[in-house]
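Work through the exercises below with the sequence and the 3D structure open. Each task is followed by a solution in steps.

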2 protein chains.
Amino acid sequence: MGRHSDARNRLIQAAKELTYAQGYNAIGVKDICERAGVNKGSFYHFFPSKRDLLLAVIDAHTEWLRGVLERASDPELAPLDRIRQLFLLVGQFDEQVQDESGLTIGCPFGNLAAELNAQDPVIREKLASVFGAGVAFVEGQLREAAERGDLEVADPRRAAQAIFAYLEGLQLLASTQNSPQLVRLLADGAIRLAELGEDIDPVAGASGPPEARNRPH
Amino acid sequence: MGRHSDARNRLIQAAKELTYAQGYNAIGVKDICERAGVNKGSFYHFFPSKRDLLLAVIDAHTEWLRGVLERASDPELAPLDRIRQLFLLVGQFDEQVQDESGLTIGCPFGNLAAELNAQDPVIREKLASVFGAGVAFVEGQLREAAERGDLEVADPRRAAQAIFAYLEGLQLLASTQNSPQLVRLLADGAIRLAELGEDIDPVAGASGPPEARNRPH
DNA sequence: GGTATTCTATACTGACCGGTCAACTATAAT
DNA sequence: ATTATAGTTGACCGGTCAGTATAGAATACC
């Protein structure tokens, strides 16, 4: 019973847009309400706190990521090309946002992580689990690629983490240089990282096993 | 003439520590002053605004990076091992901060970039130029490695950007997973990225030149 | 020793913050 | 039609924000 309203969704949408563009601490509840066309009192009818709205925003963007991963899982593509496709779709997102707003914002997850990891362990862990889903997707493709004999993957999980980190780093660099094409232009690197070998001696420093490149001048 | 004071340096140091740990928007001038043991009036004697102090903090951390790059430029090391050494030194920094504070903070530059790229174009460009210095270092090593015949580098600048992005991404992931070892454990990937080929057709999508991996199921 | 200058000290401003509150309206179920 | 419920409204709260005002204290230079 009682009346209906889409104010909750409007708040999430407004907060999503503002958070993408400006981060979390830089925006206020008032800003979100104004953009959503909702009064401040109503805000606290739907969300106990600003932070709870942020959690909802992260959920919403996680849904977006789920869609991207689904689109990248095209059965017509070879596994390694699905990874490449992930990079291209993400790059497309960056370029689209740039067209609309004139700014390359990078990865909303990554930005929130950089801003809030130290401030709020709950948010950090939530973002970690979203990243985990991304890594798992990549790992799955790597395993499939290995099964097909497309390449040897010594440690799929390790390589998947490397590839996902690379994707995040590319977006950060793209945002800092305000050049959204960067993700697309450097997507190839993901395949190079797929060939990452097993970590034999994790504690050893630069003086690893002797190789050609190890000889000094 | 007039009296001497190291309050300015104490403010920078305090702001550095707080910014590393919490970012920019999350900390207040009051917090900085308390940690530095400086009164608020003195703060505005040395810095016209909080933002100006941030610029000084970035300069200070840039100095730290300069030192790291210098240490990584060990002439005893082969060029590619210098890149590896950069990753190890950065990883060491992360692990040291983790020991001291219990948190992996990631890259201070990267965190500021993620938080402020959209908010303040001057800060963004300053950070972009710092990143540019990092990329230039890597590019230099790649060129030298190519000269020595350690590997073929089709496009050193492109590969250097990829490697630097990877370093940033690793730190972001390490911070989110609160696992400082990540940078060290995945440092090998940097060398894989060094082998990044030239970008033949930047506009083409996933359907690039036919290769073994391109055949669908 | 006088004095210009640098630095310190603290009270203060007005704006803004996240969040509260109580009165109110609309509606769905009975 | 009554009533419980869901949603709305805007004023309001204490606290904090970046930044200011205005003193006075310390000191290097003449």
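Two residues are in contact, or touch, if their C-beta atoms, placed from the backbone, lie within 7 Å. This is a predicted model: local features need pLDDT of at least 70, side-chain atom pairs count only at pLDDT 80 or more, and totals for chains, interfaces and linings use all residues. Residues are numbered from 1 along each chain as its sequence is written, and chains are lettered from A and ligands numbered from 1 in the order in which they are written.

**Exercise 1.** Find what B:Tyr166 touches, leaving out residues up to four places away in sequence.

Solution. Start in chain A: B:Tyr166 touches A:Ala165, A:Tyr166 and A:Gly169. Then turn to chain B, where B:Gly189, B:Ala190 and B:Leu193 are touched by B:Tyr166. Next, look at the core. A nonpolar core is a set of buried Ala, Val, Leu, Ile, Met, Phe, Trp, Tyr and Cys residues joined through C-beta atoms within 7 Å. A residue is buried if 20 or more other C-beta atoms lie within 10 Å of its own, exposed if 12 or fewer, and partly exposed in between, with C-beta atoms placed from the backbone. The largest nonpolar core has 92 residues, and B:Tyr166 is one of those that touch the most other members, along with A:Ile163, A:Tyr166, A:Ala194, B:Ile163 and B:Ala194.

**Exercise 2.** Describe the contact of chain B with chain A.

Solution. Count the residues: 66 come from chain B and 65 from chain A. List the elements; helices (H or I, at least four residues) and strands (E, at least two) are DSSP runs, numbered from the N terminus. Elements of chain B giving two or more residues to the side that touches chain A include helix H1 (7-22), helix H5 (79-101) and helix H7 (121-148). H8(B) provides the largest share of this side, 14 residues. Sort by class: this side of chain B has 32 nonpolar, 19 polar and 15 charged residues. Here Ala, Val, Leu, Ile, Met, Phe, Trp, Tyr, Cys and Pro count as nonpolar, Asp, Glu, Lys and Arg as charged, and the others, Gly among them, as polar.

**Exercise 3.** Which rotation superposes chain B on chain A?

Solution. Copies are superposed by least squares on the C-alpha atoms of residues with pLDDT of at least 70 in both. A rotation of 180 degrees with 0.0 Å of shift along its axis brings chain B onto chain A, with an RMSD of 0.1 Å. That is the relation of a two-fold axis. In chain B, the C-alpha of B:Gly169 is nearest the axis, 1.8 Å from it. The same surface serves both copies, as 98% of the contact residues of chain B recur in chain A.

**Exercise 4.** Describe the surface near DNA strand D.

Solution. A residue is near a strand if its C-beta atom, placed from the backbone, lies within 6 Å of it. Of the 23 residues around DNA strand D, A:Gly2, A:Ser5, A:Gly41, B:Gly28 and B:Gly41 come nearest. H3(A) gives the most to this surface, with four residues. The classes are five nonpolar, 12 polar and six charged.

**Exercise 5.** Where does A:Asn178 lie?

Solution. A:Asn178 is in the loop between helix H8 (156-177) and helix H9 (181-185) of chain A. Its phi is positive, about 50 degrees, although A:Asn178 is not a glycine. A:Asn178 is partly exposed, with 18 other C-beta atoms within 10 Å.
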